[in-house]
Amino acid sequence: MRTVYWHFGLMILLGVFGGCRSTQPAAPASKWPSADPMLSVNTLIEAPEDFAAARIGSTDYPIPPYAKYLEGVKICLDPGHGGDAHKRGYKRGPTGVREAEMNLRVAKYLRELLETAGAEALLTREEDVDLSLADRAAIANEWGADLFLSLHHNAIDNKPQVNRTSIWYHNDVDYRPANLDLARYLCYGLYDSIALPQITGVPLKSDQLMYESGFGILRHAEVTAALTESSFFTNPEEEQRLRDPEYNLLEAHGLFIALAKYAAAGLPKAYLIEPEGGLVLSGPGQTLVFELDDGLRSRKSWGHDRRMILTDSIAVHLDGQRVPYAFSDDGERYLLTVSLPDDLTPGDHAVEIQFQNMNKNSVLNPHCVIEVP
Ligand SMILES: [Zn+2]
């Protein structure tokens, strides 16, 4: 059996927790009348079906020319939570506005913006239902998303004055550098759209600050992923803004512009091209050949035959150890050749390719697992 397959399946940590903390303890399902605002179901200001469609492309919500680079990019959007209205006070603001609802509406508006620009967008949920964190990530993984965003809003106990943006990445900064690219673009997109007056010094946060094993949603993600905590619904003024479809669209547009800028700067990828069908370790000199895509050259712009990969950024790891490689660029194709050691033991071995394009965007799909017979 000889197989070579791409995946990020290097995560061995288990767990199911993720997302933001609730402000209230979860209560069991209740039969109380919904006159209790902490049990109400529809807590947002109602918006017509075409609310976003009627505004997209206006001066308030433009589709800039560079958004064309989103064309064909596969973006999975995960509206956090859902199906939790019966849990009294669960993930609600001071007057009962539910996080699950604002997350869903922002995701739907963001999808409309992305599709207008030609991106492919997929939501993990369309309705007010809950899904496990592993199931949400599996939707992104199995679809083969380029990017995966889990959309949330934040909460904090006993500090209603707090209201700021943070974007969360999994593990530490070396884990998958592309996750930081995504998080950074999203952060500045929100800074320029909802533009909260409060900021935190370092808005990109590791999910290990919350849980030792990180957020389940990010841990299970095998594709480039980040979790947005755009603002705090526990802030009374922000809670009221978050009910408003105009504000939901403003947030979605900020995320959209961020994604458009990210795509415009090129989304680098790496592809194993040799051996084609599998890996045979028949003796010394076995090599893997990868073709690198800087995300830019295929645009055939003036100067496209010049190198647009930073050579010092290239690194190849085999089972976590840095190994030598040969890099070549003939002005058409970038090739990376890796000679495997003769004494590789039977079983799975992890190969990781890292590089950055000229805009410092890291490769989206750095991990490859080779199976040695
Ligand atoms: Zn949340």
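In which sense do strand β2 and β4 pair, and over how many bridges? I looked this up before anything else, noting that the model is predicted. Strand β2 (residues 74-79) runs parallel to β4 where they pair, and I recorded five bridges. Within this pairing, Leu-77 has Leu-149 of β4 as its bridge partner.

**Entry: the sheet around β2 and β4**

I then traced the sheet as a whole. It is open, has six strands and mixed pairing, and reads β3-β2-β4-β7-β5-β6 in order. At its edges I found β3 (120-123) and β6, each of which pairs on one side only. On average, neighbouring strands of this sheet are turned by 25 degrees against each other, direction ignored.

**Entry: helices on the sheet**

I looked up helix α1 (residues 99-116) and found that it lies across β2, β3 and β4. Its direction makes about 145 degrees with β4. Helix α2 (residues 133-143) also packs on the sheet, and I noted that it touches β2, β3 and β4. The direction of α2 stands at about 175 degrees to that of β2.

**Entry: helix α3**

I checked the length of helix α3 (residues 177-192) against expectation. Its 16 residues, at 1.5 Å a residue, should span 22 Å, and I read 23 Å between the end C-alpha atoms, which agrees. I next listed the buried residues of α3; among them are Leu-180, Leu-182, Tyr-185, Leu-186, Cys-187 and Leu-190. Asn-179 and Asp-181 are also on the buried list. What do the buried residues of α3 pack against? I found strands β4 (147-154), β5 (166-169), β6 (204-206) and β7 (224-232), together with helix α6 (245-264).

**Entry: strand β14**

Why is strand β14 (residues 347-354) largely enclosed by the rest of the structure? I counted six of its eight residues as buried, so the strand is largely enclosed. I then looked up its pairings. With strand β10 (residues 315-318), β14 pairs in the antiparallel sense over four bridges, and Ala-315 has Gln-354 of β14 as its bridge partner. With strand β15 (residues 367-372), β14 pairs in the antiparallel sense over six bridges; here His-349 stands opposite Ile-370 of β15.

**Entry: the chain overall**

The chain holds six helices and 15 strands, and 53% of its 373 residues count as buried. Among contacts with a separation of 6 or more, 78% join residues 24 or more positions apart.

Methods:
Residues are numbered from 1 along each chain as its sequence is written. This is a predicted model: local features need pLDDT of at least 70, side-chain atom pairs count only at pLDDT 80 or more; totals for chains, interfaces and linings use all residues. Side-chain values use heavy atoms; hydrogens and water are left out. Buried means under 20% relative accessible area, exposed over 50%, partly exposed in between (1.4 Å probe, protein chains only). Helices (H or I, at least four residues) and strands (E, at least two) are DSSP runs, numbered from the N terminus. Two strands pair if DSSP finds at least two bridges between them. The expected span of a helix is 1.5 Å times one less than its number of residues. Contact means heavy atoms within 4.5 Å. Axes are lines fitted to C-alpha atoms, for helices over the stretch in contact, and angles run from 0 to 180 degrees between N-to-C directions.
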